[in-house]
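I opened the model today to look up helix packing and the nonpolar core. My notes follow in the order I took them.

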Amino acid sequence: MRLQDHLYHVIQSLPGFLPETWLAGAFLFIIFSEILLKYSRWQLQTTGILRSLTIGALAVALVLVCLQWNDLGGYLFHHLIYLDHKAVFFKLIILITGLLVLLHVQFVQTKLPAEFYSILLAVVLGLFLMAMATNGLSVYLSIELVSIGSYLMVTFGSGKKPAEGGIKYLLFGALSSAIMLYGLSLLYGMTGTLDFTSDVFASQLAQNPPLILLVVGFLTLSGVLFKLSLVPFHVWPPDVYESAPTPIVSFLSTAPKAAALLLLMRLLSVFPADFQKLMAIIALVSILVGNLAALWQNDLKRLMAYSGIAQAGFLIVGLTAFNQTGFESAAFYITVYVIINIAVFLLIDLMGQDTPSPTLASITGKGAAYPLLSVCFTVLMLGLVGLPPTAGFTAKLLVFSSLWEAYQANGDPLLVTLLVVGLLNAVVSLFYYFKIPFYLFFRKSPSTQVSSPISYAATILISLLTITILALFFKTDGLIEWIRLL
C-alpha cells in the first residue's frame, strides 16, 4: 500500500478511536493542570481539583463508549485493534471501576500524589487498547503501557514497603514481558505475521507440532497470565497488595484482570484446541495455590491477594471449556468479581483505618459498631465463596456448568478433575473467607478506643454494591442475555 493509502486508512479509523483520543487528551490536560495549580499564586486544593477533573474525564469517556455500542468500527489501524461489542462491554467495566476507585479515594481521603490522576488515565487508556488488541504489536504495547503506570502507582504509599512492593512488581513484570516478547518473536517466525486474525496466521500455525505450539503459546500468554495473577506468574500480588494504598490495590485487582480476560479470550480463539489442557492445568494449580496459601493469612490485603489468585483460577475455568457458554460465563464472572472486590477493599479501608495495616485483629468486634457495613461484608464474603443468594453462586455455577458441558463433549478426564477440585476448593475457601464475619461478630475487641466515623456516602455506595450482588442472583437472565449479544 502507498503512504497515501495508509494515511487514509488511519483517518478512517479515528472515529472508532474517539474515547481513546479523549483519554489521551485528558491525560495531557491533567498534567498541565497539575503544573499550573502547583505554581499558582492561589492556595488551591490541587489534589481535590485534579480528582474532580479526572472523574469528569472518565464520565465523558463513559458516554463516548456507550455511543460506540451501535456504531462499531470493526478493524482499526490496519488490524492492530478491533472494536466490537465485547470491547465496548469490557471498556464499560474498566471505566466504572476507575470511577468507583476515585470515589473510594474521596470517601477515605487517601493521601495520594497529584501524579496519580494522570497516571490513572494513562492506565485506563492502556486497558482500552488491551481490550481491543488483535495484533502482537498492539498486545505488547498496550500491556507495557498498563504495566509502567501500575509500577508507578504501587509506589505512591508512605514508607519503605511501597517502594519494595513496586520493585518486586517491576522485576516480575519485566520478566513476564520479556518472556511474552520472546514468544511473540517465535510466533512471528512460525507464521510470518503478528496479526492473530489473519488466515495466514491460522494456517501457518496449524503446520507446527502440537508440543512446539504449546510451548510458544505459553510463552506468548505469559504477559496476560501475569495481569491475571495466575500460576506461575502469581508471586507479586501478596507483597504489592500489602504495600500499596488500598484504592490502588482495588483498581489493580479488578480493571487489569477484566482487560486481560478479554485479551486471553481473543488469543485462545486463534490457538488450537490443545490449549484446553494447558489452561485446565493453570486453572487447577492457581485454585489450589491461592486457596491453600490464603488459609494462613491474617493481613486482610494479603488474604485478598491469595484469594485473587484462586478467583483468577475459577475465572478461566470458563475459558478452559473452549465453548461459547464458557466465554459467556467468564464475562459474567468478571463482572460480579469486579463489583465484589471494589466493595471489599473499600470496606477494608474504612473499617481498618485506625491501624497502619488492616488485619483480622483490626476489625475485631466492629460488627456491633458498624452493623450495616458488617452485614454487607458478610454478604460479600458469601459472594466470593460462591454461596446463594449472591451472584457469586451464579457465576461459579455458570463456569462449572460450561466445564461439564465441555467434558460431555470430549470426555477429557482432566476437565472432570478440574471440576471436582474446583468444587472442593470452594468449600476450602469457607475457612478463610468466614474468618472476617467471625472476627466482626464473635470476637470482642480488647480495646475500648472509638473508631473513626465512616461517611454516609461510603456506606450508601457499599450498600448499593452489595444489593447489586444480591439482585444479580435473582435477575441473572438480563445480564446473560446482554453478554450473549457480544
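Predicted model: local features only at pLDDT ≥ 70, side-chain atom pairs only at ≥ 80, totals over all residues.

**Entry: α13 and α14.** I began with helix α13, residues 275-294, and helix α14, residues 300-315. I found that their axes come within 7 Å and cross at roughly 160°. Angles over 145 degrees count as roughly antiparallel, and α13 and α14 are therefore roughly antiparallel to each other. I logged the crossing as left-handed. Which residues of α13 and α14 meet? From α13 I listed Ala-283, Ser-286, Ile-287, Gly-290, Asn-291, Ala-293 and Ala-294.

**Entry: α18 and α23.** Next I took helix α18 (residues 371-385) with helix α23 (residues 456-474). Their axes lie 10 Å apart, at an angle of about 35°. This crossing of α18 and α23 is left-handed. On the α18 side I noted Leu-372, Leu-373, Cys-376, Val-379 and Leu-380. They meet Thr-459, Ile-462, Ser-463, Thr-466, Ile-469 and Leu-470 of α23.

**Entry: the core.** I then looked up the largest nonpolar core, which has 169 residues. Which residues have the most contacts inside it? They are Phe-90 and Phe-251. Helix α16, residues 324-351, gives the most to this core, with 20 residues. Leaving out residues up to four places away in sequence, Phe-251 touches Thr-97, Gly-98, Val-101, Leu-120, Val-123, Val-124, Leu-127, Met-153 and Pro-256.

Notes: Residues numbered from 1 in each chain as written. Heavy atoms only, no water. Axes fitted to C-alpha atoms, helices over the stretch in contact; angles between N-to-C directions. Helix = DSSP H or I, 4+ residues; strand = E, 2+ residues; numbered from the N terminus. Parallel < 35°, antiparallel > 145°, perpendicular 65-115°, else oblique. Left-handed = near helix turned anticlockwise from the far one by under 90°. Contact = heavy atoms within 4.5 Å. Core = buried A, V, L, I, M, F, W, Y, C linked by side-chain atoms within 4.5 Å. Buried < 20%, exposed > 50% of the residue type's maximum accessible area, 1.4 Å probe, protein only.
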